[in-house]
Amino acid sequence: MNARSSPRPLTLFEATIPIASLIVLVALAYFLFGDAGAGGPNQVALTIATLIAVFIGWRCGHTLDSLREAAVASVASGVGAIFILFAVGALIGTWAMSGTLMAMVYYGLQILSPNYFYLTVAAVCGVVSFCIGSSWTVVGTIGIGFMGIAVNMDLNPAITAGAIISGAYLGDTTSPLSDSANLAAAAAGVDLYQHIRETALTSLLAFAIALAIFGFLGRPGDFDASDKIAAIHGAFRMSLWLFLPLVLVVGLALFKVPPFTTIFLGALAGGVLAVFAAPERVTAFANLGSPAPAGFAYIKGVWLALASGYTSGTGVAVIDQLLTRGGMASMLNTIWLIITALAFGGVVERAGVLERVIAPMLALVKSLGALVASTVASVIGTNIVTADQYIAIVLPGRMFKGEYAKRGLAPVVLSRTIAASGTPTSALIPWNACGAYMAGTLGIATFSYLPFAFFNFASPLLAVAVAYLGVRMLRVSAGEIHVDRAELGRDTFDPRASALHSALEDREKSGMNPPLHLFGRGQRRKLRRRWVGSVVTALALIASSAVCAADLARSEQLVREGKYKEAYDLLAPQQAHSKDDPAFSYLLGRAALGTNRAEEARALFERSLAARPGSVAAHLALGRAYFALGRYAEAKIEFETVLDMGDLEPDLFTQVERYNEAARQFLDEGRKLTRFGYAETGIGRYRVNSTRGTNAFGGGDRHNSFLNARVGGGVNYALDNGYALDANLDYRFRHHDDSDIRNDSDLRWRAAGSRALGRDSVALGLRGRVSYRGDSTYRNDYGIFSEYRHQVDARNQVTLGAELRRRRYPSGPLRERSRTTAEASIGWVHSFLDGRASFGLSGHGGRNYATSRADGESTIWGATANLDYTFSKRLAGFLFAWWERDAFNTDRVHFHPDALDEGVVLRRRDNLYEVGGGLTWAFAPGWTLRPEVLYIRDQSNSVGFNYSSTEYWLNVRRSF
């Protein structure tokens, strides 16, 4: 193939094709093959995505030879990781044969308790990884032992793997011995120990959160390990000498011996120990025959364990299952995955895919929080695309370094950000070298342990959170600013360039820079013009401020007192020369809104927010202006940026009306504490529809009427700097006419803290629910949640959420359904029809785990769509649809849909649907009449879980 003159830059569309192809193919592989995808389907997906990337690169002018060389070079960079994987496989084989693994299990069963097992695992791995600075070594040694203990304690292996990885990556992020920590400091040009001190800010907090969750997940109750301990004692001669290979590995790691050498010497030490501690086990495994010398049998046994792993034959099923593992050959699937992933990463890097995708993000960045968030997103994206954590540290570090300098941020802020996001998240990507290593070593698929690697995804989230909160966003001092002289040669006045010039002059006085006369005469004239411009601008601002400072103070007092006309008459004549003052625009907007000039107020508030996007008061006032104009959907978006009242009704008008009242109290009365309440009652009709499930159990159609009652309320307390606290309670009760139907009741609660950050807001809190389900059966739900809102513009809002909750049935037949759920969500709301309507779309996904139900654990994902429309200030309506898919992971005996055949075994899959709608008629101030309808459908491949119902009700509500 002939070389082309020079490759042209990719378009954004071209750059997204390889990435989108990879995501779609891997998602399809996971959908079709589940956790078995790492055994070949993922590798095929990566290979196809690589060919697509090659085609895109070739089409843009890269030669095929160049792209091939990039792929080969990228794979070559992973040879070190491949050899470490071989060493870990060999270590597992010899440690299984020598009894080192079983010694960890034996003593661990006597020391550890299920109540604090996960917490202990994370803490121990964290301490060891900090001491040696290597997550891979920790996972490949003590991590394997902890997995064996978990299996023998009947604990969740996925949670155990998450705890091991969380602890292991604490050291990889914060230890001065860690190669990734050194690399992050070097990439940003920061002193290592300064980097470690700043990284500890997010890493230790993330680890504390992880420890708290692992403590919460501990299984209550006593654990009797006596039978397992007796079985191990009968098959092995237990001794503390069996820990010698582990001590050797930790010692070599402390002396910074390279990982491959450290781990492979540990594998050889395990083989030698096996010969001395259990020679009969070695010779039996070698199966060389009686005429052969014992020495050859020992060599063959150890050799086989190194190459293909150890096969246990004790006759005890639990022990044999734990010890039949290891060998270099066991890592071949993982190595195959790494090779294909690195080839893809090399091609997309050579083609310039990442730079083209990241560039538009930088152009959109306005605030420091957004800069850090875009850095984190770029690092994680690089981790996904290149499959290499080192590239994910170096490449974004290089690309964002200049932008951080322009914003006046210290380089350590960049190093802290890329370390907190690049190193931990590498273990969460199945085809990344780190994710493949963790899955191959621990024997748990990446997507299985991912929801429980709490430190790994808390670390980047906290890096973004502290940036938006403004914590430790260190600035460069004037003496540390590096001046780009090309920046000082621009023709237009740039206040930032003047600041840099001032800093440069300070440095010249101290002899740190060459004198300014080294610049050309034309450049000096340009600099003088800039100084003149800056002085004139400053004098104009001072004069303007002097003229209207008194009027602003007087107007603010008038607005507070509700004298809007006087305030408007005072400020309106000064609008021409004060239009660029955000405080002036805000006050004039308040006065305009108070005198029924809602459209003028809207324009003024938007002007104020454009100059000062972090103003909470301006957001609330703009929301009130939209409300006065009848643009309720846009009002809701503004209010939700700074207010979060929790359990609001689905109809748009009612929500916005409550938000408007809270904003009015905050702005007009200056009240930091706002509150709301409601009481509701009504009647309804309940119908169970005939399905295969209800017919199979003799149910069929049923009809029943019920009485409905509901009361609730909430408070919101505004703190300084955009912070707020809110809490609410909601109690619901339903009484059925038919005594055979249970009377349900629910008490729901929520408490949260939030902060408004310009057009964004973040919230973190607790919520729960106590439900009575008839026959003295209760259900408790409680958990922690976080939420992030981003106001794209007046018509669009994006929401990201995450939640970890526990559902418990303390007693009764449903006790086995107790479970823990980890879930994430993303949503979008769009306003249209001049704000009278809104459309929302959201998706959620997660996993139900820690359950003893016969169906096992389940993966969940689903979507919600809702439409709100306000006909008038008295009449509004809403529609919604909700769907969720539950995929359980355990085969079970179930009723066949047609024959009630208990001999059929399948894996349960449920589809849950809800569709509903209603109207809200405000027939008097504070009073609304609400007719609503709801259809519920549970569709399952197990007949006993098929169900549908239809409900109609008419409620009257009093809000206060």
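Me: Where is Thr-799 found?
Reply: This is a predicted model, where local features need pLDDT of at least 70, side-chain atom pairs count only at pLDDT 80 or more, and totals for chains, interfaces and linings use all residues. Residues are numbered from 1 along each chain as its sequence is written, and side-chain values use heavy atoms, with hydrogens and water left out. Helices (H or I, at least four residues) and strands (E, at least two) are DSSP runs, numbered from the N terminus. Look along residues 796–808 and you'll find Thr-799 in strand β7.

Me: Is Thr-799 buried or exposed?
Reply: Buried means under 20% relative accessible area, exposed means over 50%, and partly exposed is in between (1.4 Å probe, protein chains only). Thr-799 has 14% relative accessibility, so the residue counts as buried.

Me: Which residues does Thr-799 touch, not counting those up to four places away in sequence?
Reply: Contact here means heavy atoms within 4.5 Å. By that rule, the residues touching Thr-799 are Glu-787, Tyr-788, Arg-789, Ser-825, Ile-826 and Gly-827.

Me: And Val-357, how far is it from Leu-12 in space?
Reply: Val-357 sits in helix α18 (residues 353–364) and is partly exposed, at 23% relative accessible area. Not counting residues up to four places away in sequence, it touches Leu-12, Ala-15 and Ile-19. Val-357 and Leu-12 are 345 residues apart in sequence, yet from C-alpha to C-alpha the gap in space is 6.4 Å.

Me: Why are α1 and α2 called roughly antiparallel?
Reply: Axes are lines fitted to C-alpha atoms, for helices over the stretch in contact, and angles run from 0 to 180 degrees between N-to-C directions. Angles under 35 degrees count as roughly parallel, over 145 as roughly antiparallel, 65 to 115 as roughly perpendicular and the rest as oblique. Helix α1 (residues 12–33) and helix α2 (residues 41–59) have axes 9 Å apart and pack at an angle of about 165 degrees. The pair is therefore roughly antiparallel.

Me: Is the crossing of α30 and α31 left-handed or right-handed?
Reply: The axes of helix α30 (residues 598–611) and helix α31 (residues 616–628) come within 9 Å and cross at roughly 155 degrees. A crossing is left-handed if the near helix is turned anticlockwise from the far one by less than a right angle, and right-handed if clockwise. For α30 and α31, the crossing is left-handed.

Me: How many helices and strands does the protein have?
Reply: For the whole picture, the protein has 960 residues, and 51% of them count as buried. Its secondary structure comes to 34 helices and 14 strands.
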